[in-house]
Amino acid sequence: MTLAWTTLLLPILLATTGCRAMQPPVLQPQLDGRIVGGVEASIEEYPYQISLQRTYHMCGGSLIGEGVVLTAAHCVDSSTAFSAKVRIGSTRKESGGVLVPIKRVHRHPKYNPQIIDYDFAVLELQSYNATNVTQAFVQLPEQNDDIADGTLVTISGWGNTQSAVESDVVLRAVIVPKVNQTLCDVAYGGGITERMLCAGLSEGGKDACQGDSGGPLVADGTLWGVVSWGYGCARPEYPGVYSRVASVREWIASVSGI
C-alpha cells in the first residue's frame, strides 16, 4: 500500500468508526476482466497461467497441479465441463499451446453471486500430452496464511486493456501493492469479506480492475488471490478485489487432493 493511501484514508476510518451514516454506500460488485496499465508478458514468465474458453477467451486461471486449475466461481457453471476448454502453454489467447477439455467442475458450495463471496472453482482436466508444452504449477499458501500490506503482487491475463494501442491478444501483467483489508472495506462501504483481499494503487491508473476474472494474483511464487471484482476500472481509491486463496485452502485440498 502506498503511504499516500494510508494517510488519506486512516482519518476517514477513525472518524467513521461506529457511524455507518458517514461511510460510503455499499457498492455493487462488478466482475473483473481487464489488465490496465500493464506490459506484455510471455507464458515462460507465467507458466501457470491458463485461458478458459469456449470459442473465445472467457476467463483466466492458474495451474495448481497436474490437470488441475483454480479459477473464479463466476467464470463457470454446471455446463462448463461440457462446453469449455482450457488453453495451456501459450502467450496468445487464440492459438498455441494445447487445448484441454474439462472433466469436472467444483464450484465452492458457499459461492454467493450477489456479493461475489467464496468466488472459487476448481477444474479437473482430461488427460493431455504435456510434452513440449510450457507449463508449471503455482504454489498454494497454507490455510489462513497472509502477506503483509504493501507487498508487491503480480496479476496477469488477457482481458480488455481499455487502450487502442495495447493488445489483449497477448498475455499482459501488472505489479501493484496489497492494500490493507480494513482500508479496502472502508473504500467499498463494508462489502469486503474475509474471503477477499485487495490490491492496487491509490491514484488508480494501474490495476483497479486488475486482470481477467479467475486469473492469478501471485507474490514470491505463491498464488494468494483469484481475480474477482472491483468498482469501475483503474479508478482512484478503489483497489481491485480478489478471492483470498488461503481462506479456502482446506476446501481446495478436499476436492483436488493438492
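Is Tyr188 buried or exposed? In this predicted model, Tyr188 counts as buried because its relative accessibility is 1%, and the cut-off for buried is under 20%. This residue is a starting point for a walk through the structure.

The model holds three aromatic pairs. One of them joins Tyr188 and Trp229 in an edge-to-face arrangement, with 5.0 Å from centre to centre and 65° between the planes. The two residues come from distant parts of the chain, 41 residues apart: Tyr188 sits in the loop between helix 3 (181-187) and strand 11 (196-199), while Trp229 belongs to strand 13 (residues 222-230). Trp229 has a relative accessible area of 1%, so this residue is buried.

Strand 3 (residues 49-53) runs antiparallel to strand 4, and five bridges join them. Three residues lie between strand 3 and strand 4, and the two strands form a hairpin.

Strand 4 also pairs with strand 5 (residues 68-71), again in the antiparallel sense, over three bridges. Here Leu63 has Val69 of strand 5 as its bridge partner. Strand 4 and strand 5 form a hairpin too, with two residues between them, and in the turn Gly67 has a positive phi of about 70°. How many of the nine residues of strand 4 (residues 57-65) are buried? Nine of the nine are, so strand 4 is largely enclosed by the rest of the structure.

Strand 5 contains Thr71. With a relative accessible area of 0%, Thr71 is buried, because the cut-off is under 20%. A polar atom of the Thr71 side chain lies 2.8 Å from the backbone oxygen of Gly60. Apart from neighbours within four places in sequence, Thr71 is in contact with several residues, including Gly60, Gly61, Val76, Asp119, Phe120 and Val226.

Which residues of helix 4 are buried? They are Arg249, Trp251, Ile252 and Ser256. Looking down the axis of helix 4, the buried residues fall within an arc of 160°, so they line one face of the helix. In an α-helix there are 3.6 residues a turn, so residues three or four places apart point the same way. The face turned away from the buried side of helix 4 carries Glu250 and Ser254, which are exposed. The cover over the buried residues of helix 4 includes strand 4 and strand 5, along with strand 7 (98-107) and strand 8 (121-125). After helix 4 comes Gly257, with a positive phi near 80°.

A last stop is Thr154, in strand 9 (residues 152-157). Thr154 has a relative accessibility of 16%, which is why this residue counts as buried. Setting aside its neighbours within four places in sequence, Thr154 is in contact with Tyr46, with Ala173, Val174 and Ile175, and with Pro216, Leu217 and Val218.

Notes:
Residues are numbered from 1 along each chain as its sequence is written. Side-chain values use heavy atoms; hydrogens and water are left out. Helices (H or I, at least four residues) and strands (E, at least two) are DSSP runs, numbered from the N terminus. Buried means under 20% relative accessible area, exposed over 50%, partly exposed in between (1.4 Å probe, protein chains only). Contact means heavy atoms within 4.5 Å. Two strands pair if DSSP finds at least two bridges between them. Rings of Phe, Tyr and Trp (its six-membered ring) pair if their centres lie within 6.5 Å; planes under 30 degrees apart count as stacked, over 60 as edge-to-face and the rest as tilted. A polar contact is a pair of N or O atoms within 3.5 Å; within protein, one must be able to donate a hydrogen and the other to accept it, and residues adjacent in sequence count only if both atoms are side-chain atoms. The arc is that of the directions from the helix axis to the C-beta atoms.
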